[in-house]
Amino acid sequence: MPHPSSPDRNAIWRPYCQMKTAPAPLEIVSANDFELTTADGRKLIDGMASWWSVCHGYAHPHIVESVNKQLERLPHVMFGGITHEPAERLAARLAAMLPADLKHVFFADSGSVAVEVAMKMAIGYWRRRGRPNRQRFLSFDHAYHGDTTGAMSLCDPQRSMHADYGNAILKQWHCPLPKDDASENALSEILARHRDEIAGVFLEPLVQGAGGMRFHDAATVQRIRKLCDANEVLMIADEIATGFGRTGAMFAIDTCEIVPDIICLGKALTAGTMSMAVTVARSEVFDAFWSDDPGDALMHGPTFMANPLACAAANASMDLFEREPQVRRAADMEAKLFAGLAPCRDISGVVEVRCRGAIGVIQVEALPRLDELRQAFVDTGVWLRPFGDCVYITPPLNLPDTLLERLCDAIVNVMSSRRFTA
């Protein structure tokens, strides 16, 4: 594609695409309930929930009303030396919702930053415990934990989008998930050998997202918790994608029946209204920073942390989770996705169809002509963004069955018309 003559096209440097060759982005002018409206008037069912975040659908009246009221009263104020009721209320609600003593909420402005904060918490915890050499981390093959520099180091060094950065990012340990005795022994050996250097183990419980939409079971998460305990290593759960009902439980750790030392939450926290994330620590981690020395604090403070508008949206979303059966709907969606996507199993080049809660994945041998495939979905009236070797669906948790059926039918029809072999 020739370089565009209009400078307007390149005024925005867009995410995850080659600017020279990528097709023009789809212009969206409005979104309501479960549909996106394009500039030329087409309606598209959103099968992505805007990267997992729009858990109640777009422009939910209760969330809109809450944010508008907050906008009139206090749209923003710095959080250094200041507090406000929406943040106080949200922190208390999250602390009550999370298990055990995960009760100490640090506000951030994106999921990647929440991961960075978790890293700083873990390193600071061990320094205050007299173990200052514990400054590195372990994560797993196919992991994805964010796009900022520290978070990139936790992603799979060979199979992630960040592999190009090589020596520019921190060096961590990576190994397979402990799904059997051999892989459990391998993880145990690394933790034992490097226990004086490892501050924490990062995990996406039950579902590895951008690393390939890969699933594992609760027993795998329980093995990791057991080995972290045996080696006195902090366990950090990255539930930025899986939190707030996505896997069929409020949090994936609920299914696993474990309590991490730190958990990161984001995406659906504000129901996709605006960017906010949190890092929540157990009391032991928080108490390590409790000191008479003002300089012995967690030195982090994003400008827009605890933004009142975002807190208002998150509180409104919590209201909806309390009033409406969103989590049960997500759990029930699993069987519907299995049934709706089942015909894809017979398509040449499809490796596997797997579903968990409100997540459906069709893994293929290859995704040739990816831009054409994305356009084919748009032409059928749905918005999906396949990547890597999978086509996946993460719709709003309360998507009506009729629209879910249309999404599944569109996936089956488009994929049936294409070849997915290398």
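The following questions and answers go through a predicted model, from its overall dimensions to single residues.

Residues are numbered from 1 along each chain as its sequence is written. In this predicted model local features need pLDDT of at least 70 and side-chain atom pairs count only at pLDDT 80 or more, while totals for chains, interfaces and linings use all residues; side-chain values use heavy atoms, with hydrogens and water left out.

Me: How many helices and strands are there in the protein?
Reply: Helices (H or I, at least four residues) and strands (E, at least two) are DSSP runs, numbered from the N terminus. On that basis the protein has 13 helices and 16 strands.

Me: What is the radius of gyration of the protein?
Reply: The C-alpha trace spans about 65 × 55 × 50 Å along its principal axes. The radius of gyration is taken over C-alpha atoms, and the globule rule is 2.2 Å times the number of residues to the power 0.38. For 422 residues a compact globule would be near 22 Å, which agrees with the protein's own value of 22 Å.

Me: What percentage of the residues of the protein count as buried?
Reply: Buried means under 20% relative accessible area, exposed over 50%, and partly exposed in between (1.4 Å probe, protein chains only). Accessible areas come from the Shrake-Rupley method with a 1.4 Å probe, and for residues only the protein chains shown count as cover. The accessible surface of the protein is about 18500 Å², with 52% of it belonging to carbon and sulfur atoms. Of the 422 residues, the buried share is 54%.

Me: Among contacts between residues at least 6 apart in sequence, what percentage join residues at least 24 apart?
Reply: A contact means heavy atoms within 4.5 Å. Among the contacts in question, the share joining residues at least 24 apart is 70%.

Me: How far apart are the mean positions of the positive and negative charges?
Reply: Lys and Arg count as positive and Asp and Glu as negative, while His and the chain ends are not counted. Each charge is placed at NZ of Lys, CZ of Arg, CG of Asp or CD of Glu. For 42 positive and 52 negative charges, the mean positions are separated by 2 Å.

Me: Which strand runs parallel to β11 and is joined to it by three bridges?
Reply: Two strands pair if DSSP finds at least two bridges between them. In β11 (residues 262-265), Ile262 and Cys264 on one side and Ile263 and Leu265 on the other are all buried, so both faces are covered. Ile263 stands opposite Ala237. The parallel partner is β10 (residues 234-238).

Me: Which strand is joined to β12 by six bridges?
Reply: Five of the six residues of β12 are buried. β12 (residues 277-282) is antiparallel to β11, with four bridges, and there Leu265 stands opposite Val278 and Ile262 opposite Ala281. On another pairing, Val280 is the bridge partner of Val105. The strand with six bridges to β12, also antiparallel, is β4 (residues 102-108).

Me: What is the C-alpha separation of Val259 and Met235?
Reply: Val259 is in the loop between α8 (252-256) and β11. Residues up to four places away in sequence aside, Val259 touches Pro99, Ala100, Leu102, Arg225 and Arg282. Met235 is 24 residues from Val259 along the chain, and their C-alpha atoms are separated by 8.6 Å.

Me: Is Thr220 buried or exposed?
Reply: Thr220 is found in helix α7 (residues 218-230). Leaving aside neighbours within four places in sequence, Thr220 is in contact with Leu177, Pro178 and Lys179. Its relative accessibility is 1%, so Thr220 counts as buried.

Me: Is Ala168 buried or exposed?
Reply: Ala168 is in the loop between α5 (149-154) and β6 (173-175). Thr149 is 19 residues from Ala168 in sequence and 8.6 Å away, C-alpha to C-alpha. The relative accessibility of Ala168 is 61%, so Ala168 counts as exposed.

Me: What is the phi of Glu232?
Reply: Most residues other than glycine have a negative phi. Glu232 lies in the loop between α7 and β10 and is partly exposed at 43% relative accessibility. Its phi is positive, near 50°.

Me: What is the phi of Lys267?
Reply: Lys267 lies in the loop between β11 and β12. With a relative accessible area of 32%, Lys267 is partly exposed. Lys267 is not a glycine, yet its phi is positive, at about 45°.
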